[in-house]
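Please examine the sequence and the model before reading each solution.

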Amino acid sequence: MDAVAISRHEPAVTPDTRRWNVKSVLALYELPFPELMYQAQTVHRENHDINAVQLSSLLSIKTGGCPEDCSYCPQSSRYDTPVEKEELLPLDEVLQAAREAKASGAQRFCMGAAWRSPKAHHIDAVAEMVRQVKALGLETCVTLGMLKEGQAEQLKAAGLDYYNHNLDTSPEFYGEIISTRTYQDRLDTLERVRNAGVNVCCGGIVGLGESRRERAGLIVQLANMSPYPESVPINNLVKVEGTPLQDTADIDPLEFVRTIAIARITMPKTHVRLSAGREAMSDTLQTLCFLAGANSIFYGEKLLTTGNPQFVEDQKLFDRLGLHASQQQAPAHHG
Ligand code: SAM
Ligand code: DTB
Ligand code: SF4
């Protein structure tokens, strides 16, 4: 079984053997930890500079008041959380934040909006932000909710490099978490992004109360996309007061590391991003995630509305580990 698992990073001849299924991903979860880490590190080394980490900074350009009911999210208007509703930020504030992110060493600037789906005038405004952030010499990413026909093309024309839209969890568990948009809605948006020639950033959240089988189900969905996403954020739930998931039990940290390792094995060339939840992690746990094949982080003192490690803390950790920021490359699709 081990040999089968490790051979999956090379495209196989027939589509059937190339696809992952819950059984084959669960088999990875069930490997002894040292064996799993060895496989993940082998794949990582074959496909990446193992000492390099890609740095993305986040800015919430439109905070709160979202009509969706994602039960982890402090920005949903359905829950009484510390987040207040705000309007779309003006362009100059966005550019100021982008300049600061670049000065701190970020390579990519990701702008997030708490919309179900953007309206035409929203896309016009965000396209201008993308154009000007790109002109600063940063890679650009946005996450704006569900896209309609033509919107991804408009963003692409403005210079958008990545669109983030997560599947969040497995199709089976999804209905426990969100009722206001379907799994298929998400797949449709991802297809629009892919067809417009924009790189796909798509991952999920663990620690929602899902089972291991459901975590495997998420990985199967991501890894079987053809091609799989260029960036895969793995978020650990940030429990925000007032959300339905505020009292969810923590996931075993080693199960989180296993999930990173399995994302690495099943999607060899992707950037696996150690995403939300780092503030609550020890340096040692983050180190295990890097050893398991994570090679990207959200870099900056805030995620969208919640905290993230201070720049100086990340710089200290990178120095202790001998890690460096990866070279910025012109984004290219892998096969
Ligand atoms: N509103 C847009 C959407 O949902 O498509 C874009 C922004 S939304 C906040 C982006 C992603 O952040 C979600 O899909 C989810 O994976 C992640 N996220 C949101 N709240 C989180 C939390 N409390 N903990 C961990 N991840 C979270
Ligand atoms: C992703 O997968 N995680 C980021 C980004 N994509 C947009 C968002 C994390 C949000 C955590 C909760 C908050 O700060 O509001
Ligand atoms: Fe809205 Fe996105 Fe939060 Fe869901 S995750 S409630 S769509 S901002």
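A disulfide is a pair of cysteine sulfur atoms within 2.5 Å. The model used in these exercises is a predicted one.

**Exercise 1.** Determine how many disulfides the model has under this rule.

*Solution.* Step 1: consider Cys-201. The closest cysteine sulfur to that of Cys-201 belongs to Cys-141 and is 5.1 Å away, which is too far for a bond. Step 2: consider Cys-202. Step 3: state the total. The count comes to 0 disulfides.

**Exercise 2.** Decide whether Cys-201 is buried or exposed, and do likewise for Cys-202.

*Solution.* Step 1: recall the cut-off, under 20% relative accessible area for a buried residue. Step 2: apply it. Cys-201 has a relative accessible area of 2% and is therefore buried. Cys-202, with a value of 0%, is buried.

**Exercise 3.** Describe the surroundings of ligand 1.

*Solution.* Step 1: locate the ligand. Ligand 1 sits in the largest cavity. Step 2: list its neighbours. It is surrounded by 16 residues, the closest being Tyr-72, Thr-143, Asn-166, Asp-168 and Val-238. This shell divides into 8 nonpolar, 6 polar and 2 charged residues. Step 3: identify polar contacts. Backbone N or O atoms lie 3.0 Å from a nitrogen atom of ligand 1 in Tyr-72 and 3.2 Å from a nitrogen atom of the ligand in Ala-113. From Asn-166, a polar side-chain atom lies 2.9 Å from an oxygen atom of ligand 1. On its own, ligand 1 has 560 Å² of accessible area, and the protein covers 90% of it.

Conventions: Residues numbered from 1 in each chain as written. Chains lettered and ligands numbered in written order. Predicted model: local features only at pLDDT ≥ 70, side-chain atom pairs only at ≥ 80, totals over all residues. Heavy atoms only, no water. Near = heavy atom within 4 Å. Polar contact = N/O pair within 3.5 Å; in protein donor to acceptor, adjacent residues only side chain to side chain. Areas by Shrake-Rupley, 256 points an atom, 1.4 Å probe, with all protein chains shown as cover. 1 Å grid on protein atoms, 1.4 Å probe; cavity = no way out; pocket = protein on both sides within 12 Å on 5 of 7 lines; lining within 4 Å. Sits in = over half its atoms within 2 Å of the grid points. Nonpolar A, V, L, I, M, F, W, Y, C, P; charged D, E, K, R; others polar. Buried < 20%, exposed > 50% of the residue type's maximum accessible area, 1.4 Å probe, protein only.
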